[in-house]
Amino acid sequence: MLLMKCYDAIVVGAGPAGMMAAIRAAENKKKILLIERNNNLGIKLLITGGGRCNITNICDVQDFLKNFSKSRDFLRNSFAQFFNADLLSFFEKSGIVFKIEENGCVFPVSDKAVDILNILRQKLQKNNVEILFNERVKDIIVKDGKVSGVTTISDKHLSVNSVVIATGGLSYPETGSTGDGYNLAKKLGHTIVTLKPALVPIIIKEKFIKDWQGISLKKVRVSVFSNDKKIAERLGDMIFTHFGVSGPIILDMSAAIYEALELKAKVELAINFIPGLNQQESDAFILHELKMHPTKTIKNMFRDILPRKMMEQFLKYCSLSPNVSAHQMAIEERKRLLRGLSNLCLTIEGVLPIKDGIITRGGVSTKEINPKTLESKLVRGLFFVGEVIDVDAATGGYNLQAAFSTGWVCGGSI
Ligand SMILES: Cc1cc2nc3c(=O)[nH]c(=O)nc-3n(C[C@H](O)[C@H](O)[C@H](O)COP(=O)(O)OP(=O)(O)OC[C@H]3O[C@@H](n4cnc5c(N)ncnc54)[C@H](O)[C@@H]3O)c2cc1C
């Protein structure tokens, strides 16, 4: 079926990047069709930040860019045109109030991602962006090096001179992001930088950690070793799961862990529960605690440091009897306790697959995209925005800002 309705551009994918591109282009009086395979907008946006949407980070652009694994010079162009203050002001003008939490992470005061989505929905409506739901773009038609239309799964043929690929990555495929954009780009000659999991939970070999499932640790230092060489370290929060560990600092180190595992290295993770103290200070601290509470059994000590639910397995790990009292502890036992509290070592068996990650590493090569317009350097009228591009960052609001910034810049280039 050939549909000849005249659009200035078709945007494929109604995630944050696609919606922003469509809004900006429509504000510039372009006639836009937004095609989304789901029956609703921004399904993934709704689950960001645990449903609270960590929309950006307030740090300056230099620090912001440090959180990306690569492609920093590429993104610098988009951020120069539309950065964190611009994004917040975009929503504030529509009534959203933001708050800044730990490490500069910005959330709506309402703690509701749906409030962000509702503003985007209103702006799409106000600017007369047409939306085609439940439709999946299958191919992009190119003639003489220039986009001439798209075809869809239900066999619609739409003529158009500009197409924006905003299909996201491969993570959380149930939200609609199943990597279609990579295939569309590849068919048109684009290089896809190898797709890998990033920001994924880690699988731990030691089975006893199952008993720690659900326990979260605040402000611990976690170090990762590959063949005994430290490759990553973070201070912050983590959580035990039924298969291993997760939480912000674990997710941020997961890509490095994945790379080390690919090299078949022995990869281990060490947790320091008393990160503010060096080895000598830690020993002095433990000694002091034992002297202060001589009759207490060891299982009833260090409650401020170690959650009660961890104690049984922790003491087994340290080969310590739970009922030994502080004054009975031998030097060797104290040393084992010190090791456990400052260097609890776990073996990393693997990482969860890309589908379970927060973001996909890899994607359409930035070398083949004009950083100032987001247009393909290979096909005229073809644009890429958001996660489909080879950009990925740590947790903290950086990924959504990249999606919104590239969307905004592209929308202005159509
Ligand atoms: C659980 C979770 C929590 C997160 N939390 C945060 C956070 O708090 N802060 C942060 O910065 N980042 C967060 N992220 C990352 C963030 O969600 C992504 O960076 C962002 O959604 C990418 O936006 P996008 O528009 O490029 O892609 P997506 O949001 O993935 O949107 C792509 C859209 O394209 C549609 N689509 C795909 N193929 C087709 C096709 N062929 N035809 C039509 N439509 C198609 C999909 O259905 C989808 O709606 C989180 C991710 C996850 C999974």
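## Leu120 in helix H6

Leu120 sits in helix H6 (residues 113-126); helices here are DSSP runs of H or I with at least four residues, strands are E runs of at least two, and both are numbered from the N terminus. Leu120 counts as buried because 24 other C-beta atoms lie within 10 Å. The cut-offs are 20 or more other C-beta atoms within 10 Å for buried, 12 or fewer for exposed, and partly exposed in between, with C-beta atoms placed from the backbone.

Leaving out neighbours within four places in sequence, Leu120 is in contact with Met19, Ile23, Leu41 and Gly42. Contact means that the C-beta atoms, placed from the backbone, lie within 7 Å. Lys367 is another matter: 247 residues from Leu120 in sequence, with 30 Å between the two C-alpha atoms.

## What you're looking at

This is a predicted model, where local features need pLDDT of at least 70 and side-chain atom pairs count only at pLDDT 80 or more, while totals for chains, interfaces and linings use all residues. Numbering starts from 1 along each chain as its sequence is written.

Four residues from domain 1 and four residues from domain 2 make the contact. The domain 1 side of it has one nonpolar, two polar and one charged residues.

## Around the ligand

Which residues come nearest to the ligand? Of the 38 residues around it, they are Gly13, Gly15, Gly168, Gly176 and Gly386; a residue is near if its C-beta atom, placed from the backbone, lies within 6 Å. Helix H1 (16-27), helix H2 (43-47) and helix H12 (398-413) are the elements that give two or more residues to this shell.

Sorted by class, the shell has 17 nonpolar, 15 polar and six charged residues. Here Ala, Val, Leu, Ile, Met, Phe, Trp, Tyr, Cys and Pro are nonpolar, Asp, Glu, Lys and Arg are charged, and the others, Gly among them, are polar.

## Cores and Ala166

The largest nonpolar core has 72 residues, and Ile10, Ala22, Val163 and Val164 have the most contacts inside it. A core is a set of buried Ala, Val, Leu, Ile, Met, Phe, Trp, Tyr and Cys residues joined through C-beta atoms within 7 Å. Apart from that one lies another core of 39 residues, including Ile202, Ile249, Ala326 and Leu341.

Ala166 is in the loop between E11 and H7, and it is buried because it has 32 C-beta neighbours inside 10 Å. Not counting residues up to four places away in sequence, its contacts include Val11, Gly13, Gly15, Val385 and Gly386. Phe384 is 218 residues from Ala166 along the chain, yet their C-alpha atoms are separated by 6.3 Å.

## Helix H7

Helix H7 (residues 180-187) has Asp180, Gly181, Tyr182, Leu184 and Ala185 buried. Those buried residues pack against strands E8 (137-143), E11 (163-165), E12 (192-198) and E19 (359-364). After H7 comes Gly189, with a positive phi near 95°.

E5 is joined to E6 (residues 105-108) by three bridges, and Lys99 has Phe107 as its bridge partner in E6.

Note on methods. Contact = placed C-beta atoms within 7 Å. Pairing = 2+ DSSP bridges.
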